[in-house]
Amino acid sequence: MRDIGLLVSLLSLASLALWRPWLGVLALAFFGFTQPHSYADGFMRDFPVYWSLLGATLVGALFTRERSLPPRDWRVAALLLFWLGMLLSTYHALFPNYAWPRFEQVSAVLASTVLILVLIDTRQKLFLLLATIALAFALVTIKGGYWAVIYGFGDRVYGPPGSQYHDNNAFAVAAVMTIPLLLLWLRQSGNAWLQGLLGVIIALSVLAALSSWSRGGLLALGTMGLLLLLASTRRMALGLVPLAVVALVAVFCFFPEQWLERMQSIASYETDGSAQGRLEVWQRGLGFIERFPFFGTGFESWTYGERFQDWHSAYIEVAVEQGLVGFTLWLSLILGSLAGLTKLAWRFGNAPETAWIRDYSVTLRASIGAYCVGSAFLGIAYWDLLFHLIAAAILLQALAHQEA
């Protein structure tokens with residue numbers, strides 16, 4: 001019965017994507033982040049849900065008039081060059097049998113990113129996209145936060161099974177990255193009931209991220225909070241204080257002693273086996289970079305070893321697999337977006353009629369900043385969440401220029 005309901009939902013959304021392809025972009029974001037088919041127990045479990053929605057949205061985009069050229073932004077060219085570079089690195093991959101399927105997965109992510117740049121062309125559509133991403137993760141973090149509270153924060157919280165965010169560390173970083181989007185939704189809403197509900201969801205998201213027992217997630221949470229606090233208005237700062245109080249009270253009053261010991265091990269990485277393992281695989285990655293500096297080794301080259309299951313750092317992952325040229329393009333997309341968002345926040349932060357641009361800029365910067373810290377310890381270089389937020393930053397730049 002669950003599979004039939006999921007199939008009906010998929011067919012309905014695919015039909016909607018053919019009629020209004022920008023709604024197909026929202027459906028792609030929702031299905032991509034929630035992975036509802038991973039909870040199926042029949043034929044839908046292995047059904048190409050994402051590819052079906054992506055195909056319907058692409059067909060709809062070809063025939064709709066509600067599309068435009070991508071914004072005139074250097075990051076669009078950098079994104080396409082990065083895609084081309086991944087094709088070349090896959091062609092020269094050390095393990096082509098592993099690399100080509102991974103290239104197809106990442107290409108689906110980049111295709112949906114291009115659709116965002118083509119079909120999301122108004123402030124309202126951009127808000128709905130960010131709200132959809134926030135809602136998709138909220139459905140997961142509500143469950144995770146509730147689980148954490150019920151079981152006294154003693155059990156680790158994980159993401160949807162089979163997704164990019166299933167691992168507790170990856171789930172923590174993703175949850176932290178979407179907290180600013182929920183805050184943006186709260187600030188843009190004028191409904192008191194909805195604001196109260198979003199406040200509860202944000203608190204549960206913080207608790208779910210903490211209860212993942214992820215040290216990288218904790219660092220990402222601190223980075224996200226600091227970026228929001230430094231750029232916040234007095235009103236926003238007053239709203240962040242209760243959130244910080246809830247987190248601190250939960251940590252010191254309800255979290256087990258083992259959780260505190262694990263977080264304290266951040267400062268003593270020399271004696272931590274997990275940290276030493278990461279250092280070992282990073283050193284091996286640097287050796288690969290010296291041997292294959294231009295095209296890299298292609299996707300999934302970590303299989304060359306026996307002990308590790310990824311590069312345990314997005315930075316090492318891209319530098320090894322895509323070479324230094326690909327790494328430069330990837331890093332320029334991230335740093336360029338952070339710099340552009342900072343400039344927008346400074347430029348449009350004074351006038352009331354353009355305050356929304358500052359709110360969006362601060363929000364997206366906090367999300368991407370959290371990724372920069374969390375990804376230093378996880379092989380999450382090709383996340384759809386990252387590329388969607390970069391696309392949102394590009395679109396915000398274009399909308400701000402129109403406003404100016």
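The following legends describe close-up views of a predicted model.

Residues are numbered from 1 along each chain as its sequence is written, and side-chain values use heavy atoms, with hydrogens and water left out. In this predicted model, local features need pLDDT of at least 70 and side-chain atom pairs count only at pLDDT 80 or more, whereas totals for chains, interfaces and linings use all residues.

**View 1. Confidence along the chain.** The chain has a mean pLDDT (the predictor's confidence in each residue, from 0 to 100) of 84, and 87% of its residues reach 70 or more. Confidence is highest in α4, at 95, and lowest in helix α10 (residues 234–253), at a mean of 64. Helices are DSSP runs of H or I with at least four residues, numbered from the N terminus. Where pLDDT is low, the predicted coordinates should not be read in detail.

View 2. A78 belongs to helix α4 (residues 74–91). Leaving aside residues up to four places away in sequence, A78 is in contact (heavy atoms within 4.5 Å) with L329 and L333. The C-alpha atoms of A78 and W330 are 8.0 Å apart, although 252 residues separate them along the chain.

**View 3. T132 in helix α6.** Helix α6 (residues 123–150) holds T132. With a relative accessibility of 14%, T132 counts as buried. When residues up to four places away in sequence are not counted, T132 touches L26, A29 and F30.

**View 4. W213 in the loop between α8 and α9.** W213 lies between α8 (192–210) and α9 (215–231), in the loop. Its phi is positive, at about 65 degrees, although W213 is not a glycine. W213 counts as buried, because its relative accessibility is 10%.

View 5. Two or more lining residues come from each of α3 (49–63), α5 (96–119), α7 (168–188) and α13 (314–347). The most are given by α5, with 7 residues.

Notes. Buried < 20%, exposed > 50% of the residue type's maximum accessible area, 1.4 Å probe, protein only.
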